[in-house]
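Please read the following explanation alongside the sequence and the model, following each element in turn.

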Amino acid sequence: MGALRKSLFNRLDGITILLYMTLVTIGLFTIFSVEHRSTDPTIFIMSKTYMKQVMFFGIALFIGLIIILTESKFFSSFAFLFYTMGLFILFITIFAGVDVKGSRSWLGVGSFRFQPGEVCKIFTALALAKFLSLPETNFKTLKHRLVGVAIVLVPAAMIILQKETGLALVYFCFFLVMYREGLPNSVLIVGFSTVALVLATLLVDRKVLFIVLTAVALIIGFLLRNNLRRNVVGIILLVGIWGTSMLFSQVAVPFIFKHVLEKHQIDRIFSTIGMDVPDAYNKAAKGNEDEDDGGKKVNSSDYNVKQSKIAIGSGGFWGKGFLNGTSTKNEFVPEQNTDFIFCAIGEQFGFLGSLVLIGLYVTLMMRIIFIAERQRSSFTRIYAYCVASILFFHFAVNISMTIGLAPVIGITLPFLSYGGSSLLSFSVLIFILIRLDADRQVLIR
Amino acid sequence: MSNTANSRQYVISFIFIGIASVILLRLFFLQLFEDKYKVMANDIAIYRKVVYPPRGIVYDRKNRVMLYNQVVYDLMVTPNNVPKVFDTVQFCNALGIDKDTYGKLLNRIRVRNGGMRQGPYMEELTSEQTARFQENAYIFPGYELVERNIRAYPSASAGIILGYVGEVSPEMLKTSRYASYQQGDYLGMNGLERSYEEVLRGQRGVHFLERDNFNRPREPFKGGTLDTQEVAGKSLQLYTDAELQAYAEKLMQNKIGSVVAIDPKTGGILAMVSSPSYDPNLLRGRDRAKNFSNLYKNATHPLFNRAMQATYQPGSTIKPMTGLVALSVGAIVPSFGLACFGHYNLCGRPIACEHHDAGHAANFRLALAHSCNSYFCHIFRLTCDNPKAGGVKKGLQMWHDYFSSFGYGHATGVDLPFEGKGLLPDSSYYNNRYHNVWNSCTVVFVGMGQGELALTPLQMVNGMCIIANKGYYYTPHFVKSIGNNEKDTLLKPYLKKHIVTSVSDTTFSVIQQAMQDVVESGTAIGAKIDGITICAKTGTAENKAIVGGVAIKMANHSMFVAFAPRENPKIAIAVAIENAGFGATWAAPIASLLIEKYLRDSVSVKRKVMEDKMINAHLINKYVYSIDSVQRMHFQEAYKAKMEKKMLEASSKHYTDSVMLSRWIRNQLGNK
């Protein structure tokens, strides 16, 4: 109980703050490196995004200070209120949203614009934490599990209605939290397997996939041979899963691609994962629609991924050096200061720089899990898991999409990407966690 | 609860680390093993810019500029930077174009380069256009004036010497000589620009620039550390005297012919005129192609360098050399005389001589001064039939070797491209021609400079140098130093002294004395300059033009060769004027004026009348134009006939092929 006697500022988690500051600073320098031109008269040009980002950083720190000075009970008490407000704003945005690059997820007043979907992650995290930590909640009952799922999926649905699918997908990361709080293992396994299977079907050659899947099934069968010998259900399960994935990858997908989907839909699917359409599907699709123009192959996201891979791939081990990134500096990679900021790191600092950056992210996430597990109150623990999951989803999907491992969905790289909404919402997430953690000896209800 | 919580905590950590590892693994392969991305990154982002240094400047012997680089302005435009609200009227006024042209030109750039990249809107603005544009440049955003160098010839003369530059052609690019050039490069196409291309062009620089996604060049790649700097072309200094050159061109205006003047001590060419001459400034800039084709089509062939490409029968101007060989081989002695009464009758059909009075060929001096045809025909025969040689064939071959050592019958090696060789017949030439049956009478005309002998004016003047120098010459050349280095490797061949087959000093003295008499008391009295000892020889060369396959006798060429002063020769000169009559009438005065101009720097007042007469004389015969058009028609028809013949051959070949093929098929079928 000695910790309580320490002052508030001494109780803050220094490591998290340090990691946060480091990542934002790396972000500032990276944005600077893609915006700066050797012909610029000075580096302090207010119209450049890195200067705006510095400003946003200042605002973020100020808000962070306010959060630190706020009573920690405030966040749990007002969680449902915030959540309701958030839903209300999301609902308004569906109709009043400003059209930005095809999505209507932004609210705008004059030159000021913000994305409610970003901010709503915080409210959802708080609401989920609050709901799961209520003494009357029993997460083992189906009813309460459905409520938990609803808390997560309602904002996601609204964001999908705003045509910002990428952002909506972020809300699925809360399933990780719910898994931690008691959802059955199967949810996680089935979810992960399905995503992996879909991606593998699209990315890997069909025959190779067949061999790999069969090999995996046989290895599992061999390892569990003692259990399976007396267990008919287990054998049926194993064979069933193998059969289902076979059916899915070998029959269903080719069938859908050949006979159900139109050419432009196929093009769209493959271009989001940054691949050329395989010949097998291409010819079949062409046969269906001969009059479709064949020259319109250069798709914008296709181009993005290609340029992004060139930038990252050309970095090599050591990278080209700060301000020497020929691809990023000369604007070959679109969105290179927001969604594709990782290209600038990969090109200028190479594999080594990427390794360090990914190391920093993993350290931060591990630290947050560590923080989560040392809490007395389950509200803080659940909230911390929410923060870790959101960070993880953004980090993994963003970097994966720059190297062609994931579809291009508009998801920012936490703390690094340019943009006020993104930086502020992640800062608020982290600072609330730090504030709650400072009171880890208190039971927050 | 805490038990499950604990285990799931590790599951989640495992997922985090697992996914991060997958990403790292992908990055590992992407960044370390897939090299194609490095190549692609360089391909898309690095722009190799070739920088052309200014070409070398050409100075005359007194350091006056003959050829330099002039700055011209191209108007460049970046279409997307031209605002919607644009003062088109002002703009059109400044450039003197109308509104339709304005839109057309802008669209052309937009189509060719796209909207983001700069392209040439209008090339080589006139000085008025430049001035008017610059005045208002600030109201024409998107447009920019860009400097460029083009070659300029300040005195508008010496076109055939200096030559011109042009864009390298696709055919040239295929040959190894032009391997280092790229399409769009300019290089010397003729004249000194061509001969000294390697030193004049300098060294191209290569700058690596980064370019952006719109292909616009930006900053230097890696701070310019990979760049090679361009090196400016070296300047040339010529022996040529720009003033003398211009004066010679003026004297030769409205005449067809040529002048070559050489400093015998060095072989340096002081002036070289091929008339009609053209303004070399025509062959540059945006009208180059049009002007070139006009000059090329001109009936008087101004692009043809008559001074070193045209060959003439030298006529009487060869007589000093004929005498030189005859004296040298011992066929005659200087006191040898011939009784000529206006004809040379020893070879059957009489050969006419201009002089009838007795004793005009009483000795060598008199014979040369009076240019006695009989005398020189006879001594040429004596040379060939010279008992030392043993037979006319060996005798003629001996004469040939002498003449060959004078630089006749082969290119002298002047530093201009496409030099003519002339024709110097030897024994085997006549053996072929007369089927081994010939004697000294068959070739007798060669002695007086007619017959098979043909020389370029440059070779003629080279002969004068040998006499002036008493037995040696340097290969005629223009360039004195390259970048102030007189011993540049390119100049090595011109530093070598050529000593001709042993001719004694006294023999040269005899020839010189006789040539001095030509001016002082012989055929070229009109060329005499007070106070300067000129040695000279006139010539009036018969010639024929081949028109439509028929040789037609034309008016005589007026020829003159000279050197001066005799005591310390400073200039040797040859003048040839086509179809102008006697050598003494036109060629001699022009040569004389040039000698005076060069040695005294001005022409004396009392010779102004002669100067005016020469300048104003119009000696281009009307029939030159008709002959030219007839010749062109003839060539065209010959070309057509050739093509028809080719087609006919091809079709008959096809026919034979198909006949043979069908025969073969029939055989095959028959065998079955």
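How far apart are the end C-alpha atoms of helix 14 (residues 373-384) of chain B, and what should its 12 residues span? At 1.5 Å a residue the span should be 16 Å, and the end C-alpha atoms lie 17 Å apart, which agrees; the expected span is 1.5 Å times one less than the number of residues. This is a predicted model, in which local features need pLDDT of at least 70, side-chain atom pairs count only at pLDDT 80 or more, and totals for chains, interfaces and linings use all residues. Residues are numbered from 1 along each chain as its sequence is written, while chains are lettered from A and ligands numbered from 1 in the order in which they are written. Helices (H or I, at least four residues) and strands (E, at least two) are DSSP runs, numbered from the N terminus.

Because 11 of its 12 residues are buried, helix 14 of chain B is largely enclosed by the rest of the structure; buried here denotes 20 or more other C-beta atoms within 10 Å of a residue's own, with C-beta atoms placed from the backbone. Among these buried residues are B:Tyr375, B:Phe376 and B:Arg381, and their cover includes helix 12 (319-328) and helix 15 (392-405) of chain B.

Methods: Contact = placed C-beta atoms within 7 Å.
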